[in-house]
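Dear colleague,

I am passing on the structure that we spoke about, and below it I have written out what was found. Please keep the model open beside the text while you read.

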Amino acid sequence: MNRSDSHALAQAVHDLGAAVWFGGTVMGAVGVNRAGRDLTEGIDRIRVAKSAWGRFSFLQWTGIAATMLAGLQLTRTSAERLAAQQTFGTVGAAKAGVVALGALATAYSAFCGAKIASLAEEAHDQQKRVEVADATTPTPQTPPEIARWQRRQQIAQFITPILAGANI
């Protein structure tokens, strides 16, 4: 495979990985996390989102890894251009930073979701009612600790697709 073919393949893998990552996070934020509104029990609203994200997380992290690894390959195949054009290297470094920040935002979002699910199960096990509008939206009756993590999740779930989409 020549350098041009290697670059084209790396670009395709990069873009497909970023598209999976971006599309999944958008679908999750506007679809999965809100789908629980159709259910009657708050604990079930959280359980459905947890289950769906659990099924998607492998593909999401595969997309992130593809984006990162293909980005490294793109950098390697563009070594001459990096050496010749200072701005090209600056843009590349900025793109790498966006990927890293996006991966961190994804991890934090997953952590928030796991925390919400854990706290909800604890409350449910203690026979406390878990009242939520959906997996990421508290109501005035939502236990304060769950509501706190839901508010964090609301921010993270919208920052993540912005950063993921910036890679496409």
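Which side chain does Arg47 meet in a salt bridge, and at what N to O distance? The partner is Glu121, at 2.7 Å from N to O, where a salt bridge is defined as a side-chain nitrogen of Lys or Arg within 4 Å of a carboxyl oxygen of Asp or Glu. Arg47 lies in helix α2 and Glu121 in helix α4, so the pair ties together parts that are 74 residues apart in sequence. Arg47 is partly exposed, with a relative accessible area of 33%, and Glu121 is likewise described as partly exposed, at 27%; here buried means under 20% relative accessible area, exposed over 50%, and partly exposed in between, with a 1.4 Å probe and protein chains only.

Before going further, please note that this is a predicted model, in which local features need pLDDT of at least 70 and side-chain atom pairs count only at pLDDT 80 or more, while totals for chains, interfaces and linings use all residues. Residues are numbered from 1 along each chain as its sequence is written, and side-chain values use heavy atoms, with hydrogens and water left out.

Glu131 sits in the loop between α4 (86–125) and β1 (132–134), with helices (H or I, at least four residues) and strands (E, at least two) taken as DSSP runs and numbered from the N terminus. Salt bridges that share partners join Glu41, Arg45, Arg129 and Glu131 into one network. Leaving aside residues up to four places away in sequence, Glu131 touches Arg45, Thr139, Gln141 and Thr142, a contact being heavy atoms within 4.5 Å.

The aromatic rings come next. There are two aromatic pairs, counted when rings of Phe, Tyr and Trp (its six-membered ring) have centres within 6.5 Å, with planes under 30 degrees apart called stacked, over 60 edge-to-face and the rest tilted. Trp53 and Phe56 form an edge-to-face pair, with 6.0 Å from centre to centre and 65° between the planes, and they are three residues apart in helix α2, separated by about one helical turn. Trp53 is partly exposed at 23% relative accessible area, whereas Phe56 is buried at 14%. The rings of Phe111 and Trp149 have centres 5.5 Å apart and planes at 75°, so this pair is also edge-to-face. Phe111 lies in helix α4 and Trp149 in helix α5 (residues 144–165), so the pair ties together parts that are 38 residues apart in sequence. Phe111 counts as partly exposed, at 46% relative accessibility, while Trp149 counts as buried, at 8%.
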